[in-house]
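Colleague: I'm new to reading models like this one. Can we go through it together, one question at a time?

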Amino acid sequence: EKRIKEERQWINKFKVKQPQAVKQRIAKLEKLKNSDDYVKKPPFTGKPFRFRFPDAPRLSPEVAEFKGLYHSYGNGETL
């Protein structure tokens with residue numbers, strides 16, 4: 001759809017200045033619309049989907065608690 005919109009804008013812009021190029025672009029656009037690769041945008045039938053998620057419960061102020069945790073590099077302990 002975006003590409004078709006851009007082509008139509010180009011056609012409207014250069015309709016007077018370059019009529020031969022406009023004819024070629026129109027033919028190219030029609031060929032694209034009639035091809036099997038073209039997928040037409042489905043019609044809009046109502047309101048768009050709206051997802052609502054309930055608020056998540058609050059976490060406790062302490063995220064993690066460690067007892068007896070040690071870490072070292074080589075021979076010296078750092079924690």
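Predicted model: local features only at pLDDT ≥ 70, side-chain atom pairs only at ≥ 80, totals over all residues.

Colleague: Which residue does Arg-25 meet in a salt bridge?

Modeller: A search of the whole structure turns up one salt bridge. It links distant parts of the chain, with one partner in helix H1 and Arg-25 in helix H2, 18 residues apart. (Helices, H or I of at least four residues, and strands, E of at least two, are DSSP runs numbered from the N terminus.) The N to O distance is 3.5 Å, and the partner of Arg-25 is Glu-7.

Colleague: Is Glu-7 buried or exposed?

Modeller: Let's set the cut-offs: buried means under 20% relative accessible area, exposed over 50%, and partly exposed in between (1.4 Å probe, protein chains only). Arg-25 has 26%, so Arg-25 is partly exposed. Glu-7 has a relative accessible area of 14%, so the word for Glu-7 is buried.

Colleague: Which ring does Arg-25 lie over?

Modeller: The rule here is that a charge sits over a ring if NZ of Lys or CZ of Arg is within 6 Å of the ring centre and within 35 degrees of the ring normal. Arg-25 is 3.9 Å from the ring centre, and the ring belongs to Trp-10.

Colleague: What kind of aromatic pair do Trp-10 and Phe-14 form?

Modeller: Rings of Phe, Tyr and Trp (its six-membered ring) pair if their centres lie within 6.5 Å; planes under 30 degrees apart count as stacked, over 60 as edge-to-face and the rest as tilted. That rule gives a count of one aromatic pair. Trp-10 and Phe-14 are 4.8 Å apart, centre to centre, with 40° between the planes, which makes the pair tilted.

Colleague: How many residues make up the largest nonpolar core?

Modeller: A nonpolar core is a set of buried Ala, Val, Leu, Ile, Met, Phe, Trp, Tyr and Cys residues joined through side-chain atoms within 4.5 Å. With Phe-14 in the largest core are Ile-4, Ile-11, Val-22 and Leu-29, and the total is five. Helix H1 (2-13) and helix H2 (19-34) each supply at least two residues of this core.

Colleague: Where is Val-39?

Modeller: Val-39 is exposed, since its relative accessibility is 66%. As for the place, Val-39 is in the loop between H2 and strand E1 (72-73).

Colleague: Which element has the highest mean pLDDT?

Modeller: pLDDT is the predictor's confidence in each residue, from 0 to 100. The protein has a mean of 80, and 95% of its residues reach 70 or more. Strand E2 (residues 76-77) has the lowest mean among the elements, 61, while the highest, 85, belongs to H2.

Note on methods. Residues numbered from 1 in each chain as written. Heavy atoms only, no water. Salt bridge = Lys/Arg side-chain N within 4 Å of Asp/Glu carboxyl O.
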